[in-house]
Amino acid sequence: MAYQTVLVHVDDSPSASARIGVAIALASSCGGHLTGVAPTGVARTLLPTLAPGQSDPTLALHLGFLREQAQAALAGFTRRCEAAALASHEAHVIDDDAGGGLCLHGRVADVIVLSQSDPDHGGTRLLADLPAYVVLHAGKPVLMVPFAGERASVGQRVLVSWDASREAACALQLALPLLRQAGTVELAVFDTGPGSQTVADARAADPRPWLARHGIDAQFALHALAHKRQPVGEALLALAAQKNADLLVMGAYGHSRMRETMLGGVTRTLLESMSMPVLMAH
């Protein structure tokens, strides 16, 4: 099964161009539908429910301005879809904050395409935490695109972080449409030292036979950390660079309390320091 519906966050940030380019390429390769959504930034739960004519004129003026900004960003998105001769696409302004709106609308998509937070153009704290929030709350895989540089292709050389956990299994399952199109797929297992059950679990739940039944030929490799204190996230990024991977697949670890996002160390390292697209699932 391919991704039939791809949803991409559309705004006027510097990273939008690369993100939209990846989303168009992904929808085109899968023969899927691409939906661009541009949130106004005002949470739907805060919008007044007054009858027409009773709304706050100041709020109405502000919302009008935000909607115009969103429409302008979507106009550029639509032009790019048409230039790419994408068969099926649509664009929507949504009256919601970015996190809540992308999670809500992403639940009726197969994959959500976002950008890594740019520390130099992060905007508010809420926008800076947007990738982590959507990964943990959307219930769908999120393809994260680095904020720097355009991507000629995504998913030809795939590195999968495998530890046989629930999160890793979820990510592997949801990445199947990309893995089927990949040139190479490597399952990377990191030996975190004595007392760790990771290697034994990864070998016991070796996904290669299952992947083969899906038409995917994957390699399995065990890797040691450079030193006992090396963070796994750092080791994973170094391996991806060494392999010249153009896609990393991994489970996202964490939990949330209301709007607070709590991430595991490996997940946060990847979100902050990724140099290639990363498909995450929680």
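## Two helices that cross

A crossing of two helices is called left-handed if the near helix is turned anticlockwise from the far one by less than a right angle, and right-handed if it is turned clockwise. In this structure, H10 passes H11 in a right-handed crossing. The contact involves Val232, Gly233, Glu234, Leu236 and Leu237 on the H10 side, and Val266, Thr269, Leu270 and Ser273 on the H11 side; contact here means heavy atoms within 4.5 Å. Sorted by type, these residues give 5 nonpolar, 3 polar and 1 charged. In this sorting, Ala, Val, Leu, Ile, Met, Phe, Trp, Tyr, Cys and Pro count as nonpolar, Asp, Glu, Lys and Arg as charged, and the others, Gly among them, as polar.

Helix H10 covers residues 232-242 and helix H11 residues 265-273; their axes are 8 Å apart and meet at an angle of about 45°. The axes are lines fitted to C-alpha atoms, for helices over the stretch in contact, and angles run from 0 to 180 degrees between N-to-C directions. H10 and H11 are therefore oblique to each other; angles under 35 degrees count as roughly parallel, over 145 as roughly antiparallel, 65 to 115 as roughly perpendicular, and the rest as oblique.

## About the model

This is a predicted model, in which local features need pLDDT of at least 70 and side-chain atom pairs count only at pLDDT 80 or more, while totals for chains, interfaces and linings use all residues. Residues are numbered from 1 along each chain as its sequence is written, and side-chain values use heavy atoms, with hydrogens and water left out.

Helices (H or I, at least four residues) and strands (E, at least two) are DSSP runs, numbered from the N terminus. Buried means under 20% relative accessible area, exposed over 50%, and partly exposed in between (1.4 Å probe, protein chains only).

## Charged pairs

Side chains of opposite charge can pair when their charged atoms come close. How many salt bridges does the structure hold? There are 6 salt bridges, each a side-chain nitrogen of Lys or Arg within 4 Å of a carboxyl oxygen of Asp or Glu.

One of them joins aspartate 95 to arginine 67, with the closest N and O atoms 2.6 Å apart. This pair links distant parts of the chain, 28 residues apart: aspartate 95 sits in the loop between strand S3 (89-94) and helix H3 (98-106), and arginine 67 in helix H2 (residues 57-83). Aspartate 95 is partly exposed at 23% relative accessibility, and arginine 67 is partly exposed at 33%. Another salt bridge brings together aspartate 206 and arginine 208, at 2.6 Å from N to O. Aspartate 206 is partly exposed at 24%, and arginine 208 is partly exposed at 33%.

Histidine 9 belongs to strand S1 (residues 5-9) and is buried at 7% relative accessibility. From C-alpha to C-alpha, histidine 9 and arginine 19 are 8.0 Å apart in space, and in sequence they are 10 residues apart.

## A covered helix and a buried threonine

Helix H5 (residues 130-137) is mostly covered, with 7 of its 8 residues buried.

Threonine 40 lies in the loop between strand S2 (33-39) and H2 and is buried at 8% relative accessibility. Beyond its neighbours within four places in sequence, threonine 40 contacts Leu63, Leu66, Arg67, Val93, Ile94, Asp95 and Asp96. Among them are Arg67 and Asp95, the two partners of a salt bridge described above.

## Positive phi angles

Which residue with a positive phi follows H5? Glycine 139 does, with phi near 75°. Alanine 85 is not a glycine, yet its phi is positive too, at about 55°. Alanine 85 is in the loop between H2 and S3 and is exposed, at 64% relative accessibility.

Alanine 164 also has a positive phi, near 65°. This alanine 164 lies in the loop between strand S6 (157-161) and helix H6 (166-174), and at 28% relative accessibility alanine 164 is partly exposed.
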